[in-house]
Amino acid sequence: MSAYRNHIAGWRDAESGRTFRRTDPADRRREVGEFADSSAADVDRAVTEAVVAQRGWAARSPIDRARVLARAAALLDAAAGDLGAVITAEEGKTRVEAAGEVVRAAEVFDYVAALARLPEGGVFASSRPEVTLRTMRRPLGAVAVITPFNFPVFVPSFKLAAALVAGNSVVWKPSPVTPLTGIRVLELLLEAGLPAGVIGYVTGASAEPGEALVSHPGIAAVSFTGSGAVGGLVERGCAERGIRAQVEMGGNNAAVVLADADLELAAAAVVDGAFSGTGQKCTATRRVYVERGVADKLVELVGARAAALRVGPGTVADTEIGPLATDAAATRVEEAVARRVDAGAQLAVGGHRPTAAALRHGCYFEPTVILERESDPAGLREEVFGPVVGIQEVADETEALELTNATPFGLCASVFTDNLHAAERFARRAVVGVVNINLPTTGIEPQVPFGGLKESGRGPKELGPRALDFFTHEATVAVRARTETTTLR
Ligand code: NAD
């Protein structure tokens, strides 16, 4: 088994010498590698290096920094197959999904690199003679990037690209579930020309390195994506230190199907939204509200598609649903489904861990469709992070909208309808960060902002034309320059 190390201005073991292991979720007998189990001492060293390296990086022109990112984009794109294979081995998603994730991360690097060429401020008139006012964006310093397991390349790409092009240095702490994927991304960034000290990489099995980053006095801001529980801790830790936090967290996303919808299209989008990535997407469709007249038909269409999905190792060409990332995750999903059934819901498809001998050593769960008679308040509060979707009949559009918003989360939502007015009403009234019309709840493009509200996200959004805002401060510069040959007073 291969051993991998942190990257702190060069490859280095954890100071304690401790390591942890990661196994393949498709077959837990296979080990992916052994990684540095970092402590606060390793974080301290990484932040110290990043603080020093940031000065030289910030002194380079934004266009020069953007060139490094554009090269990284090309390298990522070319490595989609190889890097995708690492994602599959570590996280479990299928090869097609994994390679697709890498290609989309390359698009993020490309897009964010292009932002460096856009105006970064404005020029303003002053009330004082001979004075011009202008604004410019300045980097914050060394920032922390803390990322989840489920998109081990795509989610980090939002944060790394924006932080770096803006002139910050980064200490990145990946999920303990996907440490090898991060190492491969880091290697590509270094190959693209990123100076070694500008990005530190610190792995760990426990919460210690993440906590140490948030509380480290050298860290100027934290961009975090992950669960609500940890996001809350990160946010409070940053508030105590008076630094910025960008926290993107979970979702419990609804899809509404109105009676006039194209039901084949809606069913395909619900199945895609609920089960792609084995349902381990913050944007996944968890709840479907369907108008009464078409409910039976929609349940039949979704059920047939869900039951036909092929579950298996992500390395097998015709697999559509890979394993969950860990055994603990599969157990959590199993328990959540059992609680729904206890609360009165009915299983339409799946609901269990598969029993096939070939899947015995993996963290699999069947694609599951649950029929909900009425909304379970506990279910509305919970994010079941796996291939599970609930379908509930509603009387009309108004009830569907109320239920869509009756959750503490606010990440994304979809509506399926041929009625322009109903679609627009939904877009304006759904309390979410992203609304999809006749499309799955999933799917992100870098040109537009991404993020949630309520318990799904707080702080400035990621991506879109203002992606650099979180990682910069806007400085106002007042310039007094003699424009006439008179004497200044
Ligand atoms: P997680 O919260 O368990 O872990 C996220 C990261 O935080 C990991 O790197 C982890 O090691 C680190 N961490 C753990 N304890 C910490 C602490 N006390 N202080 C600082 N860092 C700490 O999340 P996960 O299970 O890896 O990811 C799944 C979650 O992420 C889901 O809730 C999903 O919805 C969410 N997610 C959200 C988005 C989004 O953009 N909104 C995108 C992807 C995933």
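A: A pocket, as the word is used here, is an open set of points on a 1 Å grid over the protein atoms alone, with protein on both sides within 12 Å along at least five of seven lines. A molecule sits in such a pocket if more than half of its atoms lie within 2 Å of its grid points. In this predicted model, the largest pocket is the space that the ligand takes. Helices α7 (208–215) and α8 (228–241), together with strand β10 (219–225), are the elements that each give two or more residues to the shell around the ligand. Of these, α8 supplies the largest share, 3 residues.

The ligand is surrounded by 27 residues, and the closest are T147, K173, S227, M249 and E383. By class, the shell comprises 15 nonpolar, 8 polar and 4 charged residues.

S227 places a polar side-chain atom 2.5 Å from an oxygen atom of the ligand. For K173, a polar side-chain atom lies 2.9 Å from an oxygen atom of the ligand. P174 takes part through its backbone instead: one of its N or O atoms there is 3.4 Å from an oxygen atom of the ligand. The ligand taken alone exposes 860 Å², of which the protein buries 89%.

Definitions and conventions:
Residues numbered from 1 in each chain as written. Predicted model: local features only at pLDDT ≥ 70, side-chain atom pairs only at ≥ 80, totals over all residues. Heavy atoms only, no water. Near = heavy atom within 4 Å. Polar contact = N/O pair within 3.5 Å; in protein donor to acceptor, adjacent residues only side chain to side chain. Areas by Shrake-Rupley, 256 points an atom, 1.4 Å probe, with all protein chains shown as cover. 1 Å grid on protein atoms, 1.4 Å probe; cavity = no way out; pocket = protein on both sides within 12 Å on 5 of 7 lines; lining within 4 Å. Helix = DSSP H or I, 4+ residues; strand = E, 2+ residues; numbered from the N terminus. Nonpolar A, V, L, I, M, F, W, Y, C, P; charged D, E, K, R; others polar.
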